[in-house]
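Here's a quick briefing to read alongside the model. Grab the viewer and follow the topics in turn.

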Amino acid sequence: MSNWLEVIERVEPLEGIDLDAGLVSGMQKQFAGMAGDHIGRVNFYTPTFKAYASSEISGCGKSAWPAISITGGDCKLQCDHCKAKILEPMIAARTPEDLWRTVNEQINGGAQGMLLTGGSNHRNEVEYGDYYSTIRRIKDTFPNFKIAMHTALVDMDIARRMEDCGIDAAMMDVIGSQDTITQVYHLRRTVDDFEKTLEYLVSTTLKVVPHIVIGLHYGNLLGEWNALEMIRRHTPQAVVLVVVMPFYAPENRPFVTPQSSEVGRFFMDARKALPDVPLLLGCARPPGRAKMEIDSYAVMAGLNGIAHPSDGMVELAVRLERNVRVTPACCSIAIGDEVMAIETSESGLQVDIERVIAHERAKRPGFGGALAGIKVVTSGMPEAVGGCCS
Ligand code: SF4
């Protein structure tokens with residue numbers, strides 16, 4: 001395998017991005033020595049691949065994976081990086097009856113599953129208490145309708161109730177720094193409460209997908225490595241990494257944009273720490289050039305799933321001889337579709353990768369789109385997948 005810096009130079013859409021040469025060689029070295037169940041495979045999630053996918057995904061539609069909030073846009077915590085803005089575009093279902101009705105409407109409209117969430121109380125708990133029997137009813141009536149639930153902090157009793165009501169995936173943010181919990185989340189809970197939540201959820205039969213928000217401490221990395229250690233102690237089904245997008249930060253508590261190379265170093269450390277766990281890069285990350293750099297590091301570090309990849313990523317992965325798959329959906333990582341498919345290791349669709357790459361390259365003005373020298377790897381296994389929100 002040639003030097004990765006030279007490989008990058010051949011990927012036309014990456015022209016002009018600023019990668020740390022030392023980090024790139026470090027990644028090349030680390031990757032060469034890695035072995036593990038999830039090393040070498042990468043699945044790209046993006047609705048723009050729709051045109052290249054098989055007819056299997058013709059049902060992919062706008063409302064395939066709605067996000068539903070049981071508190072509408074209300075959240076008592078008002079964390080500095082979010083201020084409840086993440087909830088605003090979601091469908092509100094403020095009572096169990098609303099939830100039942102909404103889910104029925106969504107299923108009639110073609111939904112295959114949902115992300116169920118809500119704003120937190122002052123203890124970073126989402127109060128699902130009244131909803132469990134309705135969720136059970138939904139799963140009993142529509143067993144194929146997938147439910148990924150944002151759990152927030154739980155005790156063992158609540159973890160069991162979540163398990164009993166039949167949800168398909170449990171998601172939570174793992175925070176490894178007490179300062180971040182206190183200052184960014186305004187929360188009187190401990191790092192240990194987050195670890196206990198993970199421990200309780202993992203002790204059930206639920207598929208558990210913790211998230212780490214990189215740069216959560218006002219754009220700086222602080223508790224991320226401890227979060228990795230916590231996750232290592234309670235192996236979940238997959239881990240989603242996202243990069244903070246502090247658009248809603250208050251003026252008196254501004255966030256900086258994390259350095260791409262710092263994010264890349266963390267990807268490398270995460271990959272090394274969790275070689276046997278699928279590592280996914282979720283949609284949230286800073287836009288523009290930073291996104292291209294972050295995505296390039298994600299591919300090189302060996303992450304297994306990348307939502308909304310920047311142009312050039314499929315080509316980069318192919319040139320690095322990864323086992324490349326694509327899923328023509330944008331919400332799958334967020335709602336755990338990848339995780340639901342993991343047990344078969346066959347998520348993603350067969351697409352004409354050569355055409356995807358040609359499409360990415362053709363978007364560059366003045367480029368002819370020749371693909372000479374690229375070893376094209378196509379994945380087999382067409383499989384119906386979750387939809388998209390494009
Ligand atoms: S608890 Fe969640 S929804 Fe509420 S402000 Fe914090 S991150 Fe946003």
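Predicted model: local features only at pLDDT ≥ 70, side-chain atom pairs only at ≥ 80, totals over all residues.

The protein has 14 helices and 11 strands, and 52% of its 390 residues are buried.

**Helix α3**

- The buried residues here are Leu-99, Val-103 and Gln-106. Looking down the axis of α3, you'd find them within an arc of 65°, so they line one face of the helix.
- What packs over the buried residues of α3? The cover includes β2 (67-69), β4 (113-117) and α4 (132-141).
- The length checks out too: α3 covers residues 96-108, and its 13 residues should span 18 Å at 1.5 Å a residue, which agrees with end C-alpha atoms that are 18 Å apart.
- After α3 comes Gly-110, with a positive phi near 105°.

**Helix α5**

- Over in α5 (residues 156-164), the buried residues include Ile-158, Ala-159 and Met-162. Down the axis of α5, the buried residues fall within an arc of 105°, so they too line one face of the helix.
- Among the elements covering the buried residues of α5 are β5, β6 (169-173) and α7 (191-202).
- α5 is also followed by a glycine with positive phi: Gly-166, near 90°.

**The sheet**

- The 11 strands of an open sheet are ordered β3-β2-β4-β5-β6-β7-β8-β9-β10-β1-β11, and the pairing is parallel.
- Which strands sit at the edges? They're β3 (91-92) and β11 (323-327), each pairing on one side only.
- As a reminder, strands of a sheet pair through backbone hydrogen bonds, either parallel or antiparallel.
- At the β3 end, β2 and β3 pair in the parallel sense over two bridges, with Ile-68 opposite Ile-91 in β3.
- Ile-68 also stands opposite Leu-116 in β4. Three bridges join β2 to β4, and these strands run parallel.
- On to the next pair: β4 and β5 (residues 146-150) are parallel and share four bridges. Gly-113 stands opposite Lys-146 in β5.

- How many of the five residues of β4 are buried? Five of five, so to speak: β4 is mostly covered.
- In a regular strand, side chains alternate between the two faces of the sheet.
- In β4, Gly-113, Leu-115 and Thr-117 point one way, while Met-114 and Leu-116 point the other way, and all are buried.
- β4 is also part of what covers the buried residues of α3.

**Around the ligand**

- The residues around the ligand include three cysteines you can pick out by number: Cys-75, Cys-79 and Cys-82.
- The rest of the list runs Leu-77, Gln-78, Lys-83, Ala-84, Ile-86, Leu-87, Gly-119 and Ser-120.
- By class, this shell holds seven nonpolar, three polar and one charged residues.

**Overall contacts**

- Of the contacts in the protein with a separation of 6 or more, 80% are between residues 24 or more positions apart.

Methods. Residues numbered from 1 in each chain as written. Expected span 1.5 Å × (residues − 1). Buried ≥ 20, exposed ≤ 12 C-beta atoms within 10 Å, placed from the backbone. Arc of directions from axis to C-beta. Contact = placed C-beta atoms within 7 Å. Near = placed C-beta within 6 Å. Nonpolar A, V, L, I, M, F, W, Y, C, P; charged D, E, K, R; others polar. Pairing = 2+ DSSP bridges.
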